[in-house]
Amino acid sequence: MKHNGERNIGGNIVGESLTHYFRKGFTNTDFKLNDIRGHIDHSKLASLKNCIATDVKIVPIRDIHFESLVEYDATINPFRRADFLKKWFTGKGVFNFVAIKLNRQGYGSVVGYINTQEITTGFQVAPLYADDAIIAESLMYKLLISLPNKAEIFTHVPVTNKCAFNVLRKFNIDVQTHELFRQYTKHVIPLPLNKIYSILSPDMMPEIGRASCRERV
């Protein structure tokens, strides 16, 4: 911890390890996360086809101007992370989509995005950000219908976002296994949890420096 100096270090910690990390300086508790999982069911998805919002267009991230995605991401996270997102959205086993809210002229702005990465036992949603539940449902539907039937899906949801649990339940992603706690060493970093339907990854350690920010939500 001496190496970290005055930087604010954060992590997602399982309940049984809280006492250990408290002694290490992680004394500021923010929100709680639930590990939720389920299996993709294409037959179930067929009945949910109409869940896509009529005024929202869901397209692959590669089809939009990348800067507009970076700008939207910066409304969720307290800093811009363009270089990180470029790497996170590419690679083998990565699938992602963005939601565009259309106006009368046919132009639109980013109102959410979803990314998933293939892992050993299935696919991990990392992350799902959306302005509201309808947009989140639209993104989740588009993602799941693009993945193999019966594949296992994993996600980590802030417990305060009740809409996120409702969205996941519609897609039979509702098996809760364990809890995690977002902890910080210096101070809590405010985040718009109502727009976070799945965090980026439980394994990412947020870090805020004096001169720069490098948090991954």
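Visitor: How many nonpolar, polar and charged residues does the lining of the largest pocket have?

Guide: This is a predicted model, in which local features need pLDDT of at least 70, side-chain atom pairs count only at pLDDT 80 or more, and totals for chains, interfaces and linings use all residues. Residues are numbered from 1 along each chain as its sequence is written, and side-chain values use heavy atoms, with hydrogens and water left out. Ala, Val, Leu, Ile, Met, Phe, Trp, Tyr, Cys and Pro count as nonpolar, Asp, Glu, Lys and Arg as charged, and the others, Gly among them, as polar. By these classes, the lining of the largest pocket has eight nonpolar, three polar and two charged residues.

Visitor: Which strand gives the most to the lining of the largest pocket?

Guide: Helices (H or I, at least four residues) and strands (E, at least two) are DSSP runs, numbered from the N terminus. Both α4 (82-88) and β4 supply at least two residues of the lining. With four residues, the element that gives the most is β4.

Visitor: Which residue stands opposite Phe95 in β5?

Guide: Two strands pair if DSSP finds at least two bridges between them. Strand β4 (residues 94-102) is joined antiparallel to β3 (residues 56-60) by five bridges, and nine bridges join β4 to β5 (residues 108-119), again antiparallel. In β5, the residue opposite Phe95 is Thr116.

Visitor: What is the relative accessibility of Lys150, and is this residue buried or exposed?

Guide: Lys150 lies in the loop between α5 (133-145) and β7 (152-158), and has a positive phi of about 75° although it is not a glycine. Most residues other than glycine have a negative phi. Buried means under 20% relative accessible area, exposed over 50%, and partly exposed in between, with a 1.4 Å probe and protein chains only. Because its relative accessibility is 53%, Lys150 counts as exposed.

Visitor: What is the omega of the peptide bond from Ala126 to Pro127?

Guide: Pro127 has its place in strand β6 (residues 122-130). Most peptide bonds are trans. The bond from Ala126 to Pro127 is cis, with omega near -5°.
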